[in-house]
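Student: I am new to this structure and would like to go through it step by step. Could we work by question and answer?

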Amino acid sequence: MMTLIIKRAAMAIPSLIGVVVVTFLLTRLLPGDPAAYFAGPAATPQAIQEVRVKLGLDKPLIQQFSHYVVDLAHGNFGTSLTTGQPVVTELRTRLPASAELTLLGLLVSIAIAVPLGIIAATRPNSLLDHTCRIVSTAGVSLPVFFTGLILIYFFYYWLGWAPAPLGRLDVFYLAPPQVTGFYLIDSLIAGDPQTFAAALKQLVLPALTLGVFSLAPIARMTRASMLAVLSSDFIRTARANGLSNWTVVITYAFRNAMLPVITTLGMVFSFLLGANVLVEKVFAWPGIGSYAVEALLASDFAPVQGFVLTMAAMYVILNLVIDVLYGLIDPRVRLEA
Amino acid sequence: MKRREFLKSATALTAASSLSAPAIWSRAKAQSRQETLLIVSESGPNNLDIHGVGTNVPGYEVSWNCYDRLISHEMKTLPHGTPYYDKSKFKPELAEDMSIGDMSVTFKLKKDAIFQDGTPVTANDVKWSFDRAVTVGGFPTFQMSAGSLTKPEQFVVVDEHTFRVDFAKKDRLTVPDLAVIVPCVLNSQLVKKHATEQDPWGLEYTKLNTVGSGAFKVTNWTAGSQAVLERNDNWKGGPLPKIKRVIWRMVPDAGNRRALLERGDADVSYDLPNKDFAELRSGGKLTIVSTPYSNGIQYIGMNVQHPPFDNVKVRYAVAYAIPYQKIMDAVLYGLAEPMFGAPANKPIEVAWPQPHKFYTDLAKSKQLLGEAGYGNGIQEPIQFSFDLGFAGVNEPICVLVQESLAQIGIQTMINKVPGANWRTELTKKTMPLFTNVFSGWLDYPEYFFYWCYHSGKSIFNTMDYQSSAIDGFIDGARAAAANGDAAAYDMDVKGFVDLAFTDVPRIPLYQPYVNVAMQKNISGYQYWFHRRLDYRSFEKA
Amino acid sequence: MTDTTAVAPRQSPLASLLRHSRHVLAENPVTSFAFALFLLILLAALFGPQMVPYDPLASNTAQTLKPPNAQHWFGTDQLGRDVFSRVTVATRLDFFIAVASVALVFLMGGLAGVAAGFFGGWIDRVVGRIADTIMAFPLFVLAMGIVAALGNTVQNIVLATAIVNFPLYARIARTEANVRREAGFVEAARLSGNANWRILIGQILPNVFPILVVQMSLTMGYAILNAAGLSFIGLGVRPPTPEWGIMVAEGAAFMVSGQWWNAFFPGAALMITVFCFNLLGDGLRDIVDPRRRT
């Protein structure tokens, strides 16, 4: 197992290097002059040049890049212009917010899409099947920010069911003591059901928005995978032996169909990490997505670089986890590796 | 690998890597809604110290409320009942007495004034703070120089509670410049403890901590998310504020901010689109206060050094082509003072802002364009730029003006410039056509014109306008103000305003309003020259 | 001895394709519906600008934010422009963005992929590396970064979308090329003296195209959503160009105050178009390769 993990990690390193280089180049191409920004609203060209030298921006690109890499090795991701804070601190504080939202969105999506896919697979080409396809396709056809806005409009503004889209917690609740950074988990650990409820209420709309968006691929893959498995020999044997439908479908078919679904989950998760950015903007969610977007628009490149690197690293870890899960679920894969 | 073994090793791994980041939130008890003011805005401070490098405008609000200055302004009341700062009447804040001499001004500090950590405020703190302001560079130093405050030698400690500022030259703006946000007084002993070789002024420490004697202190700050300020019960700078706690939340979406206000989930916001303010006012559920910007104008600027705008007739053509009223109606919803369409026979006044005599007349505009030699219009699209940071207003203005210009034959291409890059673009002075807003903290015409029309390569002379005639008027007005020569002053002011309208390097559009929306039970809003909120005067019924 | 076995007349490939398509469409009403919708959108894109009642750029400040009525079917926006005209005219731009992105990524990804699959060796490794690096980025953020760095023009939006989708096309093309590399017809072509690149373009690419077509339909939908997302953040097309995404972004601010039509109609147009492309992708998959149906 360990060799598998190490091998996979090693294979990912060239990609990470590529990410570092590309991000560096892209952010240097961003319009805007951090030196002018730092020098202030009334700086003369000389003052701006002084700041530029102080920031090391007058050096050739190669030198700036090597400085950057050395900083990275020390865990220094630079400082943000717009918030004035070190990027590492901000990423660390904000990552749990995004992760909690994305995971919950994924859970919502799985809870709807998997049963939908299973049902559709058991009745192929029926009205139910077509409806399932249409519903999941419709979900992915809407721009994710539009879905979020409509949900806010109906559930907060019109019906008043959802709380104000002000972030992770209502103003008059305090965050639970930090253990994982996930408010849902931390509030349970601290034994504080009210904060748990408050945090959950704030999560509903954004998680729903993300969930709607990721329904389609999961539902489709579940359906396809189930279809393939349901037509296989061992299922026919199980049915012939008189096992109940439930046992056949869930215990035997689904377990075997899970593998491709899990790969899709991995893809969907990394896709959601990108869609996060828009949802966080709409719901004022203090996550790394909104952090990166604000920084990008302000030509503040340190946070953008930090964000992209973190996402790339998470993606690599995620793929690793999926490969390991594969090995656990399906011994054949492990033996082949 | 057996499943069981994997699970065991997995838990070990998770436990080892659990994050141990410091707690974000304070353990203070949540206070009741009644004593807390909840403010929502689009963006928040990036630095708690106005002397910091690259501090943004919301940072100024923190400085105003958490630090004291030697003097402040009295309030007068506008016709509509809004308290408005009185630019000519000063009141004591940290100083209890001010005596203005011929070439200096002396302040006696309040003897009981203390910093928030208990240390008494002395003249040494004042000198250290002022030295810092003129030395750190950037915006603070620039603002200090606007009142001829440039060298640490000007700041003299007479004794522990007496402080003197020596004038480098006679300047009417020196004393008012001491009441702006920049010359705030910091706890120098405390900051010096955190200063280093590379950071002699302790800027890194004050970025994250408020160390003043002011009415509020920042107890909790998550950049980009929220800032919490608590009242300093030992404040000596004025009457104790009624609000005990301010929670300032950043909500990026304007629609959300409005929804929060309407549902009563937020108390104050000043960051909404004009349309929302107009509707909220007629809706009647909230109190909306609109006050004109002191000394502020939104304008269309043209680079007068390059064709086609180097030809004054072309500039007149543009001035007659602008759809002024459409902008007032569709972009501002009436929430601005028009700066156009003054009657032809109206004499120039000694005031600024004041409206010019241009109005929308496309026929006249086409004729002027023809006279300038561009009878067939300008087919090559001209870049028409604006600051994306204020896109809510800038974009529709540009779209409407673009449409009008197209009708007289001038083709333009809209160019959105991200906020951080806007200043760079302005400095370069290469943008041919753009819209911008400028307002000065010191509400005097010669101040505005010095920064916007004088040939001295100021960043705010965005049109690269060079005119020795106007320079003469501006310099004359400043000298006359310093010497108290009212007759010469009036003549010079009329001179430069008249020239500004005759040469029209920039076309004023309107004087914007500062709009604030508050719940009905909130009172005490005051208009200040910096247009930010002063928490010290707010009350919640 | 003569061969008297009757041989049934062979149908041309096109005729058999049409017959197969008709069969699939009849089986699958949803796909037929999607095809019809696609034609409607295409018509709007081609002829829309000539047929709309108002100039999409003409402002009319006396008629701002009017709800849908007889003169303005979709209402007016904050500058008094007719929303119906703007939504219809925007079809052309968004359709163009979709088609251009897809064409570009097919060329870039398809060619790179088949080259990688056919030749193997270092080409395969280089293409693989590039694809891996791109995939390591959160894709929307990469698109944002490219547009922010290069400037927000339609060309850059198209380029960003193409780059972001490159890995997927390269991978599919590579697999298909790999499979067909040893196929009989390729051997035959080689034996008759065709150069490698000629085989690539003449034999492999046309065979790979149908598989990619399915993906291309899905990518068209994605391209439009991508452009809309970028506009929402402020990196989209320049004003006053009508484009669905930027109209939704502007209209979002008005939803809270009750003026829903500003954002709703362009959003609905977005959804219907993307929906249509997605369903179309499914239908095409049924026509081209029914085994892959999900």
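This is a predicted model: local features need pLDDT of at least 70, side-chain atom pairs count only at pLDDT 80 or more; totals for chains, interfaces and linings use all residues.

Student: What does the C-alpha trace of chain C span along its principal axes?

Tutor: Chain C has 294 residues, of which 51% count as buried. Of its contacts with a separation of 6 or more, 68% are between residues 24 or more positions apart. Along the principal axes, the C-alpha trace spans about 90 × 50 × 30 Å.

Student: Why does the distance between the end C-alpha atoms of helix 6 of chain C agree with its number of residues?

Tutor: Helix 6 of chain C covers residues 154-180, which is 27 residues. At 1.5 Å a residue, helix 6 should span 39 Å. The distance agrees because the end C-alpha atoms are 37 Å apart.

Student: Where in helix 6 of chain C does the kink lie?

Tutor: Helix 6 is mostly covered, with 19 of its 27 residues buried. Its kink is of about 45° and comes shortly before the proline C:Pro167. The residue at the kink is C:Phe166.

Student: How many residues of chain B are in contact with chain C?

Tutor: On the side of chain C that touches chain B, the residues divide into eight nonpolar, seven polar and one charged. That side consists of 16 residues of chain C. Their contacts are with chain B residues numbering 19.

Student: Over how many bridges does strand 12 of chain B pair with strand 18 of chain B?

Tutor: Strand 18 of chain B runs over residues 506-519, and eleven of its 14 residues are buried. Strand 12 (residues 286-292) of chain B pairs with strand 18 in the antiparallel sense. One of the bridges joins B:Pro292 to B:Tyr513 in strand 18. The number of bridges between strands 12 and 18 is seven.

Student: Which residue of strand 18 of chain B is the bridge partner of B:Ile300?

Tutor: Strand 13 (residues 296-302) of chain B pairs with strand 18 in the antiparallel sense over four bridges. Strand 14 (residues 336-338) of chain B also pairs with strand 18 in the antiparallel sense, over three bridges, and there B:Glu337 has B:Gln511 as its partner. For B:Ile300, the partner in strand 18 is B:Ile507.

Student: Which residue of chain C does A:Ala292 touch, not counting residues up to four places away in sequence?

Tutor: On that count, A:Ala292 touches A:Val277, A:Pro303, A:Val304 and A:Phe307 in chain A. In chain C, the residue touched is C:Val141.

Student: Is A:Leu95 buried or exposed?

Tutor: A:Leu95 is in helix 5 (residues 87-122) of chain A. Leaving out residues up to four places away in sequence, A:Leu95 touches A:Ile288 and A:Thr310. There are 20 C-beta neighbours inside 10 Å of A:Leu95, and a residue needs 20 or more to count as buried. Therefore A:Leu95 is buried.

How values were computed: Residues are numbered from 1 along each chain as its sequence is written. Chains are lettered from A and ligands numbered from 1 in the order in which they are written. Two residues are in contact if their C-beta atoms, placed from the backbone, lie within 7 Å. Ala, Val, Leu, Ile, Met, Phe, Trp, Tyr, Cys and Pro count as nonpolar, Asp, Glu, Lys and Arg as charged, and the others, Gly among them, as polar. A residue is buried if 20 or more other C-beta atoms lie within 10 Å of its own, exposed if 12 or fewer, and partly exposed in between; C-beta atoms are placed from the backbone. Helices (H or I, at least four residues) and strands (E, at least two) are DSSP runs, numbered from the N terminus. Two strands pair if DSSP finds at least two bridges between them. The expected span of a helix is 1.5 Å times one less than its number of residues. The bend at a residue is the angle between axes fitted to the seven residues ending there and the seven starting there.
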